[in-house]
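Please view the sequence and the structure below before reading on.

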Amino acid sequence: MKTLRVAIVQTNAGGDIDRNLRRIRELTSGVSGVDIIALPEVFAMRGSDRDYRKAAEPLDGRIVSEMSNLARKHHAWVLAGSVIEKAGRRIYNTTVLLNRAGKIVATYRKIHLFEAQLDNGKRVCEAHAYEAGRTPVLVTIEGWRAGLAICYDLRFPELFRHYSARGAHVLFVPSNFTQRTGKDHWETLVRARAIENQCFVAAPNQHGANPVTGVRSHGHSLAVGPWGEVLCEGGTRDAVLAATFESAALRETRRRVPALRHRRM
């Protein structure tokens, strides 16, 4: 496998889709020489459950079309962290992966839907907005086997074991991970998924507050190596992080501790 050069984009999406897409263009305007641009969950809009249902569109809509343009402009793969997909009467939270020519190569519908009781008494329940996906998605990007996941999936290690058992080298986890849980769990979970599966992990995250619900996102987007080392980390502002994934690091990690070969269950 060749070296995989990844640009991880951290944003603070609001309710205006046009403005959010324009900000993506601005942030990535200086990106060059990368293999893949990875965006966070719901990068095109954050709002209420009602807002998401209203803004849902099929995958041939303007948001994916914009991502296709981005891929062609930079001659890079684009991981459109998640869009709100309308499929008939159903609505999904869906990652869309486009190749350098801007063509859709894979889609992944979020399997595990977030639910939590917040400190202010509010209850967050994604099942009120979307339906759950059912199918893990493993795809090849420039020779790298990549497992796709979204945010809350991070808490379910069996999904990532599924990917590593089938030869995954890298895991993508675009997120809108909340600040309250993120400060205690975000880095620990991302590094754990890297360590236990001996894979690289790219985890672009949102930051700032949802303008409608007020729920704050943690930021601190991460790229982590297969030994669990943090390769780069964002703060709490808009950012584009550069990460380089080397196949030699995979081989060395798996040689030093051949845990994947020792799996019994």
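## Pocket, cavity, sheet and helices

α2 (49-55) and β7 (123-125) each contribute at least two residues to the lining of the largest pocket; helices (H or I, at least four residues) and strands (E, at least two) are DSSP runs, numbered from the N terminus. The model is predicted, so local features need pLDDT of at least 70 and side-chain atom pairs count only at pLDDT 80 or more, while totals for chains, interfaces and linings use all residues. Residues are numbered from 1 along each chain as its sequence is written, and side-chain values use heavy atoms, with hydrogens and water left out.

On a 1 Å grid over the protein atoms alone, a pocket is an open set of points with protein on both sides within 12 Å along at least five of seven lines, a cavity is a set where a 1.4 Å probe fits but cannot get out, and lining residues have an atom within 4 Å of a point. Grid points are joined across faces, edges and corners, and a volume is the space filled by probe spheres set on the points.

Of the 28 residues that line the largest pocket, F114, V124, E126, N176 and N210 lie nearest its centre. β7 gives the most to this lining, with 3 residues. The count of cavities of 30 Å³ or more is 1. Residues lining the largest cavity include I17, V42, Y52 and I84, and β3 (77-87) supplies the largest share, 3 residues. In the table, Ala, Val, Leu, Ile, Met, Phe, Trp, Tyr, Cys and Pro count as nonpolar, Asp, Glu, Lys and Arg as charged, and the others, Gly among them, as polar.

| Space | Volume | Lining by class |
|---|---|---|
| Largest pocket | About 470 Å³ | 12 nonpolar, 9 polar, 7 charged residues |
| Largest cavity | About 80 Å³ | 9 nonpolar, 1 polar, no charged residues |

Strand β1 (residues 4-10) runs antiparallel to β16 and is joined to it by 7 bridges; R5 stands opposite T244 in β16.

Helix α4 (residues 157-165) and helix α5 (residues 179-197) have axes that come within 10 Å and cross at roughly 35°; axes are lines fitted to C-alpha atoms, for helices over the stretch in contact, and angles run from 0 to 180 degrees between N-to-C directions. P157, F160, R161 and S164 of α4 meet R193, E196 and N197 of α5, contact meaning heavy atoms within 4.5 Å.

Note on methods: Two strands pair if DSSP finds at least two bridges between them.
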